[in-house]
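Have a look at the fold before reading on.

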Amino acid sequence: MTKISEPNGIFHHQDGPSLKRLPDEFYNDFLSDIAKNRRPSPIRSLFPLEKTPGVISLLAGKPNSLTFPFTSLSFTAVSPTSSDETTLTIDGAELQLGLQYSATEGLEPLLDWLHGLQEVNHGRKRGEGWRISVGCGSQDLIYKAINAMVNPGDSVLVESPAYAGVIPMFVSLHCNQIEVETDAHGICSSSLRTTLEQWPAGKPKPKVLYTVPYGCNPTGMTATTDRRKEVLQLAREHNFIILEDDPYFYLYYGKAPRYPSYFQLELEEPEAGRVLRFDSLSKILSAGIRIGFATGPKALLNAIDQHTATSNLQVPSLTQIIVFRLLQSWGYDGFAAHVQRVSEFYREKRGMVKHLTGLAEWSSPEAGMFFWFKLLLAEDPTAASDPAHNDSEAVIRTRAFENGVLALPGTAFIPNGGRTPYVRAAFSLIGEEDVEKATQRLRETILQERAAVAARRVQNGIAVAAAA
Ligand SMILES: Cc1ncc(COP(=O)(O)O)c(C=O)c1O
């Protein structure tokens, strides 16, 4: 049996008997009709054969790179362990690789590096039924995964509140979004169990569950190991795949040792293969470089690749080679040092957020870049229980904006819509002075709203008295 150890948050995989995993045929039931009807690209599916020794390829309509004007590319990057800068140059055959079309799933050297990264951080070995595809950010891959697995009208499990960028994907497929309750410790697995155990007989059960387990966008929550294990168990008992969207994995700054990912925890399951994991380089290298990667069962990644082969063909080779050169120059230790630095940056920023004591409730995030404030919009406890006075939408969109602060009302993150007193505040960009001002303006906004709520209640009271 494979064991997991967690010294300093780095996971190690101990050698043992080969991992038991679900067979490729298992995923046939998880593919959408669209995915099943896609045919492999007649050109791209033959790309690997070009590497056959002695073969002369007349296959692809690749332009001749001798005609390309670029001869070398240099960039400078900060060392992960000091403030020194290093210049890296890409030229010759490597540049040609970056200037040419390349494999749908990603450029080979980058893919190889990323496989190694997953081995180091999640203890999963190559050759055990999983692989990686690179996408134009993780968003691209999540969209393709959902389209590859979900048919129009299907029921899907979505943590609530959920990342606002994923809700439209389910809405456009007219999905029955089952909102899965969450709290500061992650998905409320007992409530999920109840939902699944009370599922109407004869109605197809959801095939996927979407969650952001580290520094969730929007709630900032990080799911504990116990909760993750319970969700994995439910996935096995009720036959669904976990879409582990984890762009804030490397932005963990909690004091406790890092919790293992779902992808890692699968090592303790009787059979692995129920997790499709999404990583992003956006929060740690650059959001504009648009590189993310999906890790999981080959059958699901093949379906994603077939989508890519008919849509954007591949992630730009040039950005992949730039990222590869940087990562290769750092090595895995350098990468770990870099992300440690980044997470420390956000930990310090989190500390700058001043208290709105008595005017809002919140849990301090342990990863990521979001505070999830519950605005206490009514002072009077009887008014506070009235849903009409528990809606942050208008308060944030108009009153807060007029007071000079912009934030996102919680409704944007409720899969099926509805009122909520919550608001998401991103603390990634602002400096100390602006934090002070923003908190002050939010405070003013809440106090003004409280006064308005009180006035409305008096008016209503007068109206009721007059009618009587
Ligand atoms: C939870 C979540 N998933 C996915 C994404 C998309 O990230 P990427 O830039 O890798 O496409 C974001 C971006 O903010 C996010 O917060």
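How do strand S11 and strand S12 pair, and over how many bridges? Strand S11 (residues 275–280) runs antiparallel to strand S12 (residues 292–297), with four bridges between the two.

## Before you dig in

Bear in mind that this is a predicted model: local features need pLDDT of at least 70, side-chain atom pairs count only at pLDDT 80 or more, and totals for chains, interfaces and linings use all residues. Residues are numbered from 1 along each chain as its sequence is written, and side-chain values use heavy atoms, with hydrogens and water left out.

Helices (H or I, at least four residues) and strands (E, at least two) are DSSP runs, numbered from the N terminus. Two strands pair if DSSP finds at least two bridges between them.

## The eight-stranded sheet

S11 and S12 belong to an open, mixed sheet of eight strands, in the order S5-S12-S11-S10-S9-S6-S7-S8. At its edges sit strand S5 (130–135) and strand S8 (186–187), each pairing on one side only.

## Around the ligand

Now for some atom-to-atom distances. A polar side-chain atom of aspartate 245 is 2.6 Å from a ligand nitrogen. Serine 282 has a side-chain N or O atom 2.6 Å from a ligand oxygen, and for arginine 290 the distance from such an atom to an oxygen of the ligand is 2.8 Å. On its own the ligand has 400 Å² of accessible area, and the protein covers 90% of that (Shrake-Rupley method, 1.4 Å probe).

Across the boundary, 25 residues of domain 1 are in contact with 16 residues of domain 2, where contact means heavy atoms within 4.5 Å.

Next, look at the open sheet of four strands, which pair antiparallel in the order S13-S14-S16-S15. Its edge strands are S13 (360–361) and S15 (408–409), and each pairs on one side only. Strand S14 (residues 370–375) pairs with S16 over five bridges, and phenylalanine 373 has valine 423 as its bridge partner in S16. S15 pairs with strand S16 (residues 422–426) over two bridges; here leucine 408 is partnered by arginine 424.

## One hairpin to finish

Strand S3 (residues 72–78) and strand S4 (residues 85–91) pair antiparallel over seven bridges. A hairpin of six residues joins S3 to S4, and leucine 73 has isoleucine 90 as its bridge partner in S4.

Note on methods
A polar contact is a pair of N or O atoms within 3.5 Å; within protein, one must be able to donate a hydrogen and the other to accept it, and residues adjacent in sequence count only if both atoms are side-chain atoms.
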